[in-house]
Structure formats: C-alpha cells, structure tokens
Amino acid sequence: MRARRWAGPIAWLALALSPPGGVTSDYGGGGASSAVRSKREAGGSTMAFEAGAAVGAREGGVRFPFPFAPYRIQEEFMAALYRALEAGGVGIFESPTGTGKSLSLICGALTWLRDYEERKLQDEARLLQEPEQRDRESSLGGAPDPASGEPAWVAQFVQGKAARDQADRAKEEQIKRKKREERLEKIRHNVQLKYASKRKKCEDDETERLLQLSKEILSKEAGSDVLEQLDHNEEELILAEYESDEEKKVGAGLDEDDDDDDLEEEHVTKIYYCSRTHSQLSQFVHEVQKSPFGKETRLVSLGSRQNLCVNEEVRHLGAIQLINDRCMEMQKNKHEKKNEGEETVGKRRRVSRAVCPFYSYEQMQFLRDEVLVDVKDIEQLVTLGKKTKACPYYGSRYAIPAAQLVVLPYQMLLHESTRNASGIKLKDQVVIIDEAHNLIDTITCIYSAEVSGSQLCCAYSQLLQYMERYRKRLKAKNLMYIKQILYLLERFVSVLGGNVNQNPNTQSISQAGTELKSINDFLFQSQIDNINLFKVQRYCEKSLISRKLFGFVERYGAPSTVKTNKENQKTTGLQNFLLTLQQEPEKEGAPPHPSADPETDQLKMASPLMHIEGFLSALTNANQDGRVILNRQGTISQSRLKFLLLNPAVHFAEVVKECRAVIIAGGTMQPVADFREQLLSCAGMAADRVVEFSCGHVIPPENILPIILCSGPSNQQLEFIYQKRDQPQMMDEAGRILCNLCNVVPGGVVCFFPSYEYEKQVYTHWEGTGLLTRLATKKKIFQEPKRSNQVEQVLAEYAKCIKRCSQAGGHMTGALLFSVVGGKMSEGINFSDDLGRCVVMVGMPYPNIKSPELQEKMAWLDKNMPKTAGQAPSRVLTENLCMKAVNQSIGRAIRHQKDFASILLLDHRYAHPAVFNKLPQWIKERTLIKIGFGQAFAELRKVSVTSSVCRLHMETPTKDPFPFMHSFSP
C-alpha cells in the first residue's frame, strides 16, 4: 500500500498548478470552515459537475461540493476522509444515523478522486513535455563526462531512458482515456446507435434461429450408433471430459480470441463502495444521483445473479447456488458450441445444449456503455438489460475497468474467489465498507461452513446412483474424482459415528456431544490426509458436478418420475432413499410445522453437494486459522460438521495489502478495539497507518436523555447477570419500571431483552402476576416474531396502533414492543419519531460463553493477542460483543435532526468505566448515571412534558406510513 503517492516536488508542483476550487496550497490546515454558496469551475477535471447546482463547503483548504449547506460535522467528516484517502492506510469512521453519513462519504470521496485525477492529468502533461525538452538539450551536444569519458549526449540518453519510458506509458494511457471518453460521448449524444444495435440484435437472433433449425434437422437424419440412446435433457447431465487439474483458466466466460481493445482496458483509479444489503446499496446510488457528482460520475452497480439475472428460465430456480451453476453451464455450452464451429455431424449424435439468449457479447458491450453514461441502480440496470436483450450481470462487470465508483455488496468484495471471478482488481484502489459494525462476523461467516449428517448421506447416495447410471459414458478422470468424493463423504459420516449406507434418521449416536479439532487432526482422524483437497475443490468448481447432480435428482428423485421400464430401474433406490429422508421421525405429541423457507429446504434436499463443496473449500485453510467442530446429537441426521474460521484477518489482509486506502464506516462503530486488534493488527497494518474519526449528532443536546439506572422503584439493585435474572424480584422490578415509563412516555416504547428465551420467560412471569394487564391499559403490547416473514406485519400493526392512539387521544397512549438484542428488530429498523420515544435495555446481552465456537475463539485470542489494560483478550471480546449489540439496539430511536427520545439502560454494570467508555461518544457525553429510580423518573417526566410541547410544533411528518421499513434515513 502506498502511504502518499504524490509526495515530493512533483506533488507540490501539481498542488501549485491546481485550478481555483481544487486542492489549494494551504492543504492540511485546520482552519475554520464555512458553507460557501458559489459556482464551482470544472477546471478541465475528468469529473465535473453541473455549475451552480451545489453549495460548496471549504474545509482545510479543500472545497467540497454539496447539494445544500452541510452540517459542521459533515464538513469535518469530509475533510478527515479526504486526508485519510490522500495519506493511504485505513480509516475507521463513525457518523450516527441521521447525520448524512452517505452524502458525506459521496462528496468527500469523489472530491478526492476528482482532485487526484486533475493532478494525474497535470503530471501526465509534464511527463509528455520533458522528453521533448531533453531532446532539444541533447542536440546541443556537450563536453565528455569526466567520470566515464563518454560524450555528454550518451550520458543524457541513458539518464533520459526512464523518463521516455514513463512518457510512453503516459501517452498510451492518454490515448486509451480519449478513446473511452469519445465512445461514451458518442453514446451520450447519438441515440441512433441504440436503434442500430437493436436492429443488429434482431438480425442475429433470426440467423441463430435458422442455424439451430438446420442443426436439428441434420441431427435427426444422423445415425444412432451410440452407446445408449439418451434424450436431450439427460445428455446434459453427463459430465464433460475433465482435461487436467492445470487446465487453462478462461476468464468469466470470455473467448480467448475475442479481439477487442476493451478486454485489455486497464482499471482507472476508482472507489469501491460496499454495504450490507441490496436496499442500502440502492439508497446510496440514489444519494449519488442527487449529489453534485450525479451527472458525470461513471458508476456501476454490481450484484448477484439472483438480483441481476433476466433469463426467466434461470431465475425460477430461486436458490442462488442453483442460479449460479445453471448460468455457468449455459456459458460453457455456448463456448463449446462455438468451438465446434461447422463440424459435420458424425456417428455420435450432436446434442443441442441450452445457451442463454442474453449472453451476447455485442449487446453486453452496448449495455456496458449505457451503464457508464448514466448512474443507474440495480432495478434500473435490470430494466435496461431486458430492454436491450443483454445480461446485466456480465454487462455491469465489463463496465468495472472504466468506472470511477463501483457499488457492490461487501460479501462480493470480501470473498476472494467471488472478487476474482467478478473482475474486481483492488491494486492501488480505494475501498469504502459502510455499515461495517459487523465486519468481523461477516468475514467469519463467509469463510465458515457447516454440513449435516443427513446432507452427507444424501449426497453419497445421489452421487453413487449418478456414477452407476452413467459409468460407461464418464471418462476415467471423472470416475477417479467421483470415487474420491464418495470416499470423503463416507469418511465424514464415519467420523460422526455412522454408516453412509444406512438411513441417517434411524442411526443413533452412542456418545453425543461436541468435539473440536484442528484441521490437520480432523484430516488424520477422518483418514483423508492423503487426498489433495485443493484438486478435489478445483474439480468440483470446473466440472459443475453439483449442478449435474441436481439435474439428475430433479429428473429421477421425485416420485412422479418413476417409470416401470428398464432404463429407470437403476434410480428407484435413489427415489426410495430420498423419500425416507423426507419422512422425518415425528416426536410424539409434537405438532407438524411447515418450513419457514421451502426454497431453502428444497436446496438442502436436492443439492446437498453444493453445501459440502463449501465445507471442502474451508478445509483448505491454514491449520492455525480455523477449527472443525464435530457436533454429535441424537441421530446421524441431526449431527453436524462445522468449520469455524478463527482468524478473519488472514482474508482481510489481502484487501488491506492491495488497496491504496480502506475506509471502514458505520453509524455505530464503538467499540473499535476489535477492528484494530482482530482485523488490522493481525493483517499487518501498523498502528500509525490507522486513523479514527467519530463525530457527534446533529440533534440538540436536550433531544436525547440516556440514563443508566442502577436500582428500581423498590430499591432493588438492577443486576441482570445469568445467576440472578431469573429471580422473581428481579423480573418484578423491571416490570414496575416499565409500568412507570408507560404512564409518562407518549407514543412507542421499545424494550430489548438479551434473548428470545429470557423475553418469553419474563413475559410469562408478568402474565402470571397481572403486570402485563396493567401495562396493557396504557400501551398495546407487541412481541418480536422469530420468523422473518412475520416482522413486517408486526411492525405495520405497531405503527398503526401508535398513529391511532396519537390521533384519538384517550387512555391508551401508544404501544409497547418487546424485542430481542441481535434479533430481527435490533438492526436496520428505524424507530423514528413516535415509533420510539423511549428505548429500554434490560440487562447486558453478553454472548453465551458455553458456546463451543465462542470458547475456541476466546482461547485463540488469549494465545495470539496481548492483554489490553490488564484484561485478557477473551474478556475484552465478550465485553465488546455485548456493547456492540447494545449500541446497535439503542441507536434505533434517534434517526434525524428533529427526533427526540430517551434511553434507559437497566443494569448498574453500565456505570463501570470499562463498559461506559464503550458507548458511542454522542450518547456517552449526554448520559446520566442515576443510583435511585426517583431521580431518573423525575428526569423522564421533565423530558416527556417538554417533548409533548415539541410535538405540537414539529413539521408535518413524512407521508410514508411505515418509516421504520427503510434502512437509511435522509
């Protein structure tokens, strides 16, 4: 990573020559900033914006275009971001929700990119001028060099060679850039190209249809001298010949002989923006469109095939793994079809394999250019793909090299193989990871894998039946790898204590329990240490065996496909086995319950090998970076093998190493020690290369009242530790606090519990004591559902109740929502305005330290990490996990500048300095610690009276009836 690319005399020359409004000579100063309302001159920048459309904000000598007068904290955020990008390294940025974090990231980062491109152009012009000047000087001759005795012109030639090489490279880059800009400008202004492309597409479709018809006629006339007559669909199930483990890599379905300069196009300096969800990415793109940079920025949105595929035949598969495999297979069919060329049909029948009609190189190039001309989100990209008959998934990937801003889910960037397959190159680029509070957990989950005994046995049976069915048609290398996979599956079931040839539902485990092993120990115990898992993994990836197997099961696994003829007798064993797996042994008295996600159940049932491939890939990690967990429970079907990644830094290190700068941002990043120690330090990042920035909130101090309450109304000390929280007096005290709150707090009250089990226990206890009835006289009570598909309905009813009570008045003042920390409503939900006038946190949600995964993680940290302030790393981990969850939950209430709410933390342990300091700065500096309930209640009453007056003077609320549905607030 480069610390400061433009350091030295060249940089200062570029700074001195920069146009008005660019980076000025006083860069780096910390002078006072003000909102400047003026027009910004483009100054020849490759990234201009509409003159007069924005307000300029100057901070530290840099003017940041902004769509309106920014908050002071936004100016500071952009200036700090600019400095971090200029210096390189890693920045950890925290800006609470409602402070305009997205817009600050956009304007700060794109301002830096604009200035960087301007400096690069100036430096390029200087490099092109220097050789000419040096040639003129050398033509004058000179005295011989006294040291070498050579003529001066020889020495000058040698010295100038490097400069000439640089100039040549600069000239090539200039030519490529001009060519790209001319092409985009032509597309931007010449709409006739669109109609010409559309006509060409129609002609190509007609030609393809006629060729296909001719081939089918020839195929019918050909002889049938084959091993066994198979219909078209079954022919596609047979594995193609696997040439070798070192076969040539063909990138992203492109043919090697495609002669186009764009395939060799170098990646311009760009910013990769990542976030968690599709909706967050779409919201970010809309913010870019509204920003001063929205007209001229070359932005491309990336997504999964599940989001971008426009081929209905593939989309209907539903599960992302099936969509991926089917897409890859259709590409391979097209590649093979092209290689066949005009070969005549021989004795063996040529089968017409399915190809994707949207995978047209010319149309995808056209779509690429359309994407680069105007900023588009995922939905607009899909619409464009349907209109142009081009694949948005690959068309958007072709746009990556020329794009200035790439928007993508951070799983796509953090997973190395996905990153490489997508054509993402991080060398000297900028990465911004937004909503990064759970970044460590995300990396851990991406590289962890789990399979059940039922999946192992099912995959074994499917693969064995497949091999027997097509043994005579499979090449030797295919048979060899299939037998290796069968052996692996057999050993995995054996290590769980079962037999792969028996029904996993009826095989009981003699010694249930959990066992943890290192990767090497697991391989030795399973007796598979002599198998090269890297080669097996590569075979699975290249041969698409899981997709072939899924098609085989689709054809023969369902009872409706059973036939009586001889051809299908071989598959009846598979059908019977699948039926026994579907018939789970019912527990006596247990009511049947439908699956929450039938699609997932179908994937687990029909394609278990896809899951197992992920587990095999995980076993190729370094021995010290992970553990294998053997969880033996009841039967083989219920038992599981899980790979747990212990060191996420090993995968994040590649990102940090290649990038010019990495920005980790979020609304709630505290505590940041986890990022520094577990990710950055372990990834080899020096402490002085990591900068932190945290800003306050835009709300007035009186709009938020955080209180740490140490005791309840009856002076019972509040300490919801695991040993005490089940005591009736502790639950009663929490109930009395809620009753008092509901009497004075208008609108909605959200109460968070540490777990679903404890929430259910407290609810049942209050139901028995009558306290729930007392609460219901003031607030209608709602509970967070466990099923994701029920969350929206509960939230809608909660919002309607609050709105109805607010309009009708009367005895009922709103609603009370019982939620769970880390549940469906603790992240990504906006309880703004009346939806969350008070947030209550019952106890401290420490993770379950009896969890084998957490115990192993704690042991690994204690072994590999130093102590922090005298505390063991394992203790710091549990505390940080707890406070990170608390900070996410209590941040649900304040969502914009005019919002107000109170926050009540029910546990005296929050007052301990080590815990207190891990609250977000903007909450911590306003938090009151109250020993007794009386003082706290007086403060709450005071705020409630003030807020009731404020509500009468607030602006008209948003027309959106359910604002909590949005992950971002403006």
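1. Contact here means heavy atoms within 4.5 Å. On that basis, and leaving aside neighbours within four places in sequence, Phe615 touches Ala449, Val451, Phe492, Phe522, Val628, Leu641, Lys642 and Phe643.

2. Some ground rules before going on. This is a predicted model, where local features need pLDDT of at least 70 and side-chain atom pairs count only at pLDDT 80 or more, while totals for chains, interfaces and linings use all residues. Residues are numbered from 1 along each chain as its sequence is written, and side-chain values use heavy atoms, with hydrogens and water left out.

3. The overall tally: 35 helices and 21 strands, taken as DSSP runs numbered from the N terminus (helices are H or I, at least four residues; strands are E, at least two). Of the 970 residues, 53% are buried, where buried means under 20% relative accessible area, exposed means over 50% and partly exposed is in between (1.4 Å probe, protein chains only). If you take contacts between residues at least 6 apart in sequence, 81% join residues at least 24 apart.

4. Back to Phe615, which is among the residues with the most contacts inside the largest nonpolar core; Leu439, Ile482 and Phe652 are also among them. That core has 120 residues, and a core is a set of buried Ala, Val, Leu, Ile, Met, Phe, Trp, Tyr and Cys residues joined through side-chain atoms within 4.5 Å. Helix H18 (residues 476–495) gives the most to this core, with 10 residues. Another core, of 41 residues, lies apart from it and includes Phe93, Cys107, Leu113 and Ile663.

5. All six of the six residues in S4 (residues 89–94) are buried. S4 runs parallel to strand S13 (residues 661–666), joined by six bridges; strands count as paired if DSSP finds at least two bridges between them. Gly89 sits opposite Ala661 of S13. S4 also pairs in the parallel sense with strand S14 (residues 690–694), over five bridges, and there Phe93 has Phe693 as its bridge partner.

6. Then there is the seven-stranded open sheet, parallel in its pairing, with the order S17-S18-S16-S19-S20-S15-S21. S17 (779–783) and S21 (928–930) are at the edges with a single partner strand each, so one side of each is left without a neighbour in the sheet. Neighbouring strands are turned by 20° against each other on average, direction ignored. Within the sheet, S19 (residues 838–842) and S20 (residues 901–906) pair over five bridges, and Cys838 has Ser902 as its partner in S20.

7. Which strands does helix H32 touch? H32 (residues 873–890) packs on the sheet against S16, S19 and S20, at about 160° to S19. Angles run from 0 to 180 degrees between N-to-C directions, with axes fitted to C-alpha atoms (for helices, over the stretch in contact). Helix H30 (residues 791–808) lies across S16, S17 and S18, at about 155° to S18.

8. The residues in contact include Phe366 and Leu367 of H11 and Leu381 and Leu384 of H12. By class, there are five nonpolar, three polar and one charged residues; Ala, Val, Leu, Ile, Met, Phe, Trp, Tyr, Cys and Pro count as nonpolar, Asp, Glu, Lys and Arg as charged, and the others, Gly among them, as polar.
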